[in-house]
Amino acid sequence: MQAHDIPPHIRLGLSHQRLIAGLRTMIASRETDDRLWLLNRQGRAHFVVTAAGHEATQLGCAWAIRVGHDYVAPYYRDMTLVMALGQSVLDMLLHAMARRGDPSSGGRQMFGHFSSRRLRIVSGSSSVGSHLVHATGLGLAFRARGEQGIAVMGLFGEGATAEGAWHEGLTIAGIYRLPVVFVCENNQYSISVPLHREVPVPDVAMKAAGYGMPGVVVDGNDVFAVYEAAYQAMERARNGDGPTLLECKTYRLRPHSSADDDRKYRSAEEVEAWRARDPIKRFEHYLVEHGVMTGDEIDALRREVRAEVDAATDAAVAAPWPPVESIADHLYG
């Protein structure tokens with residue numbers, strides 16, 4: 001048997017258990033995304049940023065991270081990623097509804113500012129792309145302290161590549177060969193601006209040469225392609241071989257956020273064409289084709305996840321708000 005004839009999950013050493021857990025995370029993220037949009041329309045979740053369409057990119061990246069060992073600087077669309085690393089449906093809902101039990105900020109940050117000391121998820125700032133300076137700073141700190149074998153993954157949309165902070169982060173990482181993997185989740189639109197008006201080259205990864213690091217392009221809707229490239233980049237970083245720019249080409253299936261009307265800048269036909277390439281459906285088809293799960297088992301998994309989302313919604317709605325007397329917590333030393 002030729003190498004290309006071996007199913008990707010076998011070639012990459014991914015067990016059936018890990019594949020099923022991965023599908024559950026993807027479905028849980030999409031179902032939570034669905035629920036958040038309903039809660040937003042009900043006035044219970046002030047602001048929502050969708051992850052729909054990015055699930056394969058984010059799961060593949062999560063598989064390449066050593067949870068609790070490596071550091072992650074996610075961007076506001078990375079709900080699937082942080083759920084794959086260990087945050088729950090309830091965590092996402094508490095976060096979106098600004099409840100006291102929100103593990104990311106105790107109800108203080110806008111949705112999408114994911115954070116966890118335990119999981120080494122670093123909360124980003126609100127300025128687009130500035131968290132990549134944080135990722136580079138972490139890598140530089142490890143170098144200064146002589147800590148080895150730790151990698152940092154910083155994720156962003158292609159729109160961030162037009163920001164000065166992106167340039168600063170990659171420049172320093174390239175000069176000092178820091179253990180950072182920069183992952184571009186290229187979904188074709190920088191909010192309402194199409195790719196060709198935001199990036200002057202066909203691939204964001206082409207820019208890597210200017211920063212002294214390799215650039216890699218993969219199909220962001222293929223979880224195995226993403227995992228393989230992300231794994232190699234993270235290993236390269238941990239081994240002291242420097243940073244990598246990984247571009248995952250994907251698409252967001254909903255508006256940029258609950259404050260956006262995507263009908264103003266893209267056609268329904270374009271969105272439907274990408275829906276036909278939905279990464280969750282693609283992964284489900286693969287698992288059935290390779291005997292990992294049956295269609296009935298996938299249906300049962302979906303029912304299980306929906307029940308979890310329903311229970312988490314009830315719990316989050318009933319959860320207490322942060323007390324008024326805590327308003328100055330974490331602001332002053």
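Visitor: Taking buried as under 20% relative accessible area, exposed as over 50% and partly exposed as in between (1.4 Å probe, protein chains only), is phenylalanine 224 buried or exposed?

Guide: Phenylalanine 224 is buried, because its relative accessible area is 6%. This is a predicted model, in which local features need pLDDT of at least 70 and side-chain atom pairs count only at pLDDT 80 or more, while totals for chains, interfaces and linings use all residues. Residues are numbered from 1 along each chain as its sequence is written, and side-chain values use heavy atoms, without hydrogens and water.

Visitor: How many aromatic pairs are there in the whole structure?

Guide: The search finds 13. Rings of Phe, Tyr and Trp (its six-membered ring) pair if their centres lie within 6.5 Å; planes under 30 degrees apart are stacked, over 60 edge-to-face, and the rest tilted. One of the pairs joins phenylalanine 111 and phenylalanine 114, edge-to-face at 5.8 Å centre to centre and 80 degrees between the planes.

Visitor: And what is the geometry of phenylalanine 224 and tyrosine 286?

Guide: That pair is tilted, because the planes lie at 50 degrees, with the ring centres 4.7 Å apart. Phenylalanine 224 belongs to helix H8 (residues 223-238) and tyrosine 286 to helix H10 (residues 279-289), 62 residues apart in the chain. Helices (H or I, at least four residues) are DSSP runs, numbered from the N terminus.

Visitor: Which residues do ring pairs link into a cluster?

Guide: The cluster consists of Trp63, Phe224, Tyr227, Tyr231, Phe283 and Tyr286.

Visitor: Changing topic, which ring does the charged end of arginine 99 sit over?

Guide: That of tryptophan 321, 3.8 Å from its centre. The criterion is NZ of Lys or CZ of Arg within 6 Å of the ring centre and within 35 degrees of the ring normal. Arginine 277 lies over the face of tryptophan 274, at 4.0 Å from the ring centre.

Conventions
Helix = DSSP H or I, 4+ residues; strand = E, 2+ residues; numbered from the N terminus.
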